[in-house]
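Good morning. I have one structure to show, and I will keep to what can be read from its atoms.

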Amino acid sequence: MNAFSSRLGTVVRPCDEAGIKEAVSLIRSGLPVAVPTETVYGLAADAASNEAVARIYQAKGRPSFNPLIVHVADIEQALSIAAFSEETLKIAQLFWPGPLTMVLPLKKEAPIASIVTAGLKRVAIRMPSHPVMRALILSSRCLLAAPSANKSGAISPTSAQHVKNSLDGRIPLILDGGLTEDGLESTIIAPENDKIHLLRYGPITIEALKKATALPIVETHKENSTSHPIEAPGQLSSHYAPHQPVKLEVEVKQPDEWHIGFGKIEGDDNLSFTGDLVEAAAHLFAALHRAEASGCRQIVIAPIPDHGIGRAINDRLRRAAAPR
Ligand code: TXA
Ligand code: MG
């Protein structure tokens, strides 16, 4: 019997040889493990096993219709599960390893459990750059299905402590690799019929994608978009939600509010005093976790410029502020 007993509690270990060895052994026995990646912490399990992946859904309390990203260590592994065109291979080679997820046709013979794609004919693939996640894929000899390591709908984790606060007692192990570098989940694209659907904003910006391909980029998830041939079902309007209500574009706070500032708007906490959007992205989820823990009545957030990675920040903030 491989099921994790919550009575054993959740162990946090450093990402040294012994920690990785323990993680590999848990993954090979069909259990999910929390791992740092360059974007956010992931909850990783063997993508070939329906049972192992079901334990991810169980730990997160995630609706089972929401499919997961498969993490690979190299292009051969990616080619073994999805069909690439010349153009999609070019994009993959430009941005991988790194924070880009591609939704591509699933190969019939792919060793991917049906629960990973929730029965869809396409699979989401990412080749992470984080050495620990890569070591885990290679040493376990498993492709790893991994969503962000938080309870479904809650703020994503950028530290081992965030994971512990959200999933303590629900998973056996967290590998602690310190703060994640990018701080936001990967950009998701779905290339199709001579265009590229952008399904989720992330660290790879539209500007960077436009430079990399001549194909038009359609922001499929935008509310006024008319074409929705492919969707990321996980992009629910309320997501990343702290316990308290969230209000955006606030320059001056009320006394019982917690103000997350940006640039010159100082706030109780500040995403980047110098107004650097990349730094702000890296700090965003940690700032939301601190705001939630402050016990304030309402969280208010300074305006964030809507260009470059600022688009991804505002996307997460709109979902954090959405009606529940
Ligand atoms: O940076 C990331 O992408 C992190 C790290 C751990 O890699 N992972 C992550 O996973 O953010 P998750 O599960 O929190 O978000 C994955 C998103 C969801 O919105 C899901 O609906 C979408 O990807 N997705 C997964 N498979 C899909 C598919 N076959 N077709 C369309 N959307 C898919
Ligand atoms: Mg998530």
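First, the ground rules. This is a predicted model, in which local features need pLDDT of at least 70, side-chain atom pairs count only at pLDDT 80 or more, and totals for chains, interfaces and linings use all residues. Residues are numbered from 1 along each chain as its sequence is written, and side-chain values use heavy atoms, with hydrogens and water left out.

The protein is divided into domain 1, residues 11-176, and domain 2, residues 246-321; such bounds come from an automatic or database domain assignment. Their C-alpha centres lie 28 Å apart.

Where do the domains meet? On the contact count, meaning heavy atoms within 4.5 Å, 6 residues of domain 1 touch 5 residues of domain 2. The two domains bury about 510 Å² between them, with 73% of that on carbon and sulfur atoms. Buried area here is the accessible area (1.4 Å probe) that two parts lose on being put together, summed over both. In domain 1, Ile155, Thr158 and His162 lose the most area to domain 2, together 82% of what that side buries.

How many salt bridges are there between domain 1 and domain 2? The count is 0, taking a side-chain nitrogen of Lys or Arg within 4 Å of a carboxyl oxygen of Asp or Glu.

Now the cysteines. The structure holds 0 disulfides, a disulfide being a pair of cysteine sulfur atoms within 2.5 Å. For Cys15, the nearest cysteine sulfur is that of Cys142, 18 Å away.

Methods
Chains are lettered from A and ligands numbered from 1 in the order in which they are written.
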